[in-house]
Amino acid sequence: MEKYFDVYKQCLLFEAPVDFDSFMLYLEIDRPPAEKFYAPRRKKIKHLVDALQRLADDELDELFVSQPPRTGKTTVMMMYLLWEICRDPEKSNLYCAFSETITGAFYKGVCEILDDDYTYRLRDIFPDLIVADRNSQLHTLNVGRSKRYPSITARSLYGTLNGSCDANGLLISDDLIGGIEEALNKDRMMKAWVTVTNNMLSRAKQKCKLLWIGTRWSLIDPIGMRIATLEDDTFKNRRYEIINLPALDENDESLFDYDYDVGYSTQAFKEKRATFEKNDDMASWNAQYMGMPIEREGSLFSSGEMTYFNGELPDGEPDVTFMAIDPAFGGGDYVASPVCKKYGDVVYVVDTVFDNGDKTITQPNIVDKIIRWGVTRVQIEATKSTESYAQELDKMLRAKGHRINIMTKAAGTRISKEQRIFDKAPEIRNNFIFLEGGKRSKEYHLFMQNVFSFTMVGKNKHDDAPDSLSMACDMAFNQSRKVEAVRRLW
């Protein structure tokens with residue numbers, strides 16, 4: 001077995017100078033498994049490492065990375081920058097962050113790997129590596145030889161950048177926004193972008209690679225502004241990639257449940273989410289943990305404005321049990337539908353459908369919930385392709401001996417859809433009652449997250465859940481009629 005391990009080590013060592021994945025594996029090859037940084041996280045973040053390889057191989061000009069706090073993104077970037085300066089000592093590289101505290105910690109981490117030959121096998125990979133000079137006060141470091149523009153300069157966005165550093169290799173921007181206080185102030189956000197443009201980006205030479213990492217606080221944060229800039233036709237030849245690693249995936253499962261408990265389990269993230277929801281601050285959860293920048297002033301729904309119940313319904317039969325379905329056929333779009341029981345002027349949302357699978361998954365799910373909850377009315381948003389969707393649902397229900405009235409209603413334009421959600425928002429907040437957090441299924445949680453993330457400012461990646469609620473609102477209060485048998489008066 002030892003012989004095979006030696007062969008494995010030699011293969012990694014051979015590839016490490018040109019392959020970033022092999023570099024990180026070999027760098028910690030002799031550490032105890034539970035103490036390694038990369039190996040326990042590799043299966044979760046390998047696609048990020050592959051993207052960094054594409055940046056190094058000149059297949060990309062810029063890379064944008066967003067993932068939750070304390071999940072290892074800065075350490076990956078530290079190892080990446082160290083790999084780059086060892087591969088090409090003549091290039092100058094700049095690391096920029098919001099504060100000197102962050103840049104100082106980054107610089108210290110780089111020096112730790114350089115100095116600790118017992119823990120890290122850096123000099124096995126690059127035996128000719130020489131640290132020519134370093135300055136812990138200025139956070140600069142040179143390898144190979146002393147240069148006017150150091151191999152690494154770590155400097156805050158608001159520090160001295162002009163004249164003190166240039167970057168012809170790699171420019172890393174890491175969390176350029178200090179936090180929620182700055183993110184809520186548009187003037188400060190625009191000031192940050194002006195500083196990025198005038199001070200930071202002006203340090204990058206033409207062939208310099210740009211690496212943007214950080215929390216997506218706002219649509220107008222520096223990352224958002226840079227992405228918007230690249231969408232202009234002037235930059236059509238600029239090669240860039242955006243990687244967003246949310247805390248919880250589309251199945252509401254953690255993407256960072258690393259080996260040896262060095263990450264966050266699904267339950268841990270759900271507890272964090274519940275805390276944000278309790279504090280009526282789902283916008284911060286979406287920004288910090290889901291990579292979804294939210295403009296708070298445009299948000300229509302917040303958790304604190306909603307009414308909740310513990311699963312217990314009022315006595316007696318509801319006036320009507322219905323579902324409003326916003327259909328989809330997969331491809332990233334979600335089938336969204338609240339299962340509603342109406343009592344007078346109050347609508348209890350007892351269950352939801354929220355799934356981005358194809359119709360072989362979503363249709364059986366809908367049929368199951370129609371039967372389980374005794375749904376008597378269904379309305380489907382009509383498009384050119386949803387007539388067959390409704391017909392197939394009806395066929396599946398009839399096969400189970402269940403017959404109900406399935407109606408379709410034409411959808412409006414994109415603008416009218418957002419306006420419809422806006423118009424129905426007060427009724428949704430005041431007349432709809434939702435399950436409290438601890439009683440929700442995975443689908444229900446994802447449905448509510450989609451509702452809370454809807455904003456009238458900027459673009460909504462998905463508006464399926466709030467749109468289905470606006471349809472449900474229309475069904476509940478504009479169309480529903482209660483029919484009762486009464487004694488004839490003549």
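## The sheet

Let's start with the open sheet: 8 strands line up in the order E3-E4-E5-E2-E6-E7-E1-E8, with mixed pairing. Strands here are DSSP runs of E with at least two residues, numbered from the N terminus, and two of them pair if DSSP finds at least two bridges between them. At the edges stand E3 (131-135) and E8 (240-244), each with a single partner strand, so one side of each has no neighbour in the sheet. On average, neighbouring strands are turned by 10° against each other, direction ignored.

Now zoom in on one pair. E6 (residues 170-174) and E7 (residues 209-213) run parallel and are joined by 5 bridges. Leu170 sits opposite Lys209 in E7.

## About the model

This is a predicted model, where local features need pLDDT of at least 70 and side-chain atom pairs pLDDT 80 or more, while totals for chains, interfaces and linings use all residues. Residues are numbered from 1 along each chain as its sequence is written, and side-chain values use heavy atoms, leaving out hydrogens and water.

## Two packed helices

Helices are DSSP runs of H or I, at least four residues. H3 (residues 42-56) and H4 (residues 73-87) pack at about 30°, with axes 12 Å apart; the axes are lines fitted to C-alpha atoms over the stretch in contact, and angles run from 0 to 180 degrees between N-to-C directions. The two helices are therefore roughly parallel (angles under 35 degrees).

The contact (heavy atoms within 4.5 Å) includes Ile45 and Leu48 of H3 and Val76 and Trp83 of H4.

Notes: Angles under 35 degrees count as roughly parallel, over 145 as roughly antiparallel, 65 to 115 as roughly perpendicular and the rest as oblique.
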